[in-house]
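Trainee: I would like to learn how to read the helices and the core of a model. Where should we begin?

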Amino acid sequence: MIMMQCGRLSVIISGSRLPVIRYASSLDAATTAPGTSDATIDSFLNSLEEQCGSKKTKVVSRLTERHRLIAEGRLPPITYEWEKKLWAKRERFGMYGLASGVKPEELWPSIEEIQEEEAIGWYMKYNDVLKTVENAKKSKHAATLTRLEEVAALEDKYPEKLKEFLESRKEVVPVKSKQQLEAEQRAKDMLEYYGYEILPNDPRFPILFERMTEAKKKAVKLAEKEELSLKKHASRKKEKEKKQEKKEDS
């Protein structure tokens, strides 16, 4: 593919296709595909000059006449109704100046526009702007001083706040209620009696606990009976010993 520029026209040749001339908004250097011979370039330049000089050359461009003139930096003619409006005239005069053909006296703002601008506050006097900037600086400086004072006051309270924080981080042993202590004691007793842990939320816990308490009561009763029998046996033995001593004395 070869592309050449002639003025603001670009000519592109690709393969066996005929050359196509397109409008370009800027001048580009000639670019050729790698491997193109010098003879091909020379013949192409000659044909390009002939095409550019020929009056029958057709410009193929997707731009409208209006946009083509704008791209060239030229003044397009007024073709649309909206271009006759005041805002369009102002824009046209601002872009092209007196060459636009717009009368400057038509562009002055109306009384209503001036009143609207004053009400909105688009424009301010220089002295008013200076006062506004100075007031903003003063308010910002005052806010900075206030913030620094707050920071200094917080720094003074820092040791006390740190002490309170460290004290709050200490582990506080919760005071257990009577029911919790009883439940823990029951769990310990069950562990000692059965040899394995039974949780209070286990449905077998109340049944096994009753069995354990009954067994312990029976064991206590048996221990009391044995103790009574031992005491009786000891008292009888003492009585026999006393009787024997009396017989020996007599």
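Mentor: We go from the overall elements to one helix and its core. This is a predicted model, in which local features need pLDDT of at least 70, side-chain atom pairs count only at pLDDT 80 or more, and totals for chains, interfaces and linings use all residues. Residues are numbered from 1 along each chain as its sequence is written, and side-chain values use heavy atoms, with hydrogens and water left out.

Trainee: How many helices and strands does the protein have?

Mentor: Helices (H or I, at least four residues) and strands (E, at least two) are DSSP runs, numbered from the N terminus. The protein has eight helices and four strands, in the order β-β-β-β-α-α-α-α-α-α-α-α from the N terminus.

Trainee: What span should helix 8 have?

Mentor: The expected span of a helix is 1.5 Å times one less than its number of residues. Helix 8 (residues 205-249) has 45 residues and should therefore span 66 Å; its end C-alpha atoms are 66 Å apart, which agrees.

Trainee: Which residues of helix 8 are buried?

Mentor: Buried means under 20% relative accessible area, exposed over 50%, partly exposed in between (1.4 Å probe, protein chains only). In helix 8 the buried residues are F205, L208, F209 and M212. Across the protein, 12% of the 250 residues count as buried.

Trainee: Which residues make up the largest nonpolar core?

Mentor: A nonpolar core is a set of buried Ala, Val, Leu, Ile, Met, Phe, Trp, Tyr and Cys residues joined through side-chain atoms within 4.5 Å. The largest one has six residues: M190, I198, F205, L208, F209 and M212. Helix 8 gives the largest share of this core, four residues.
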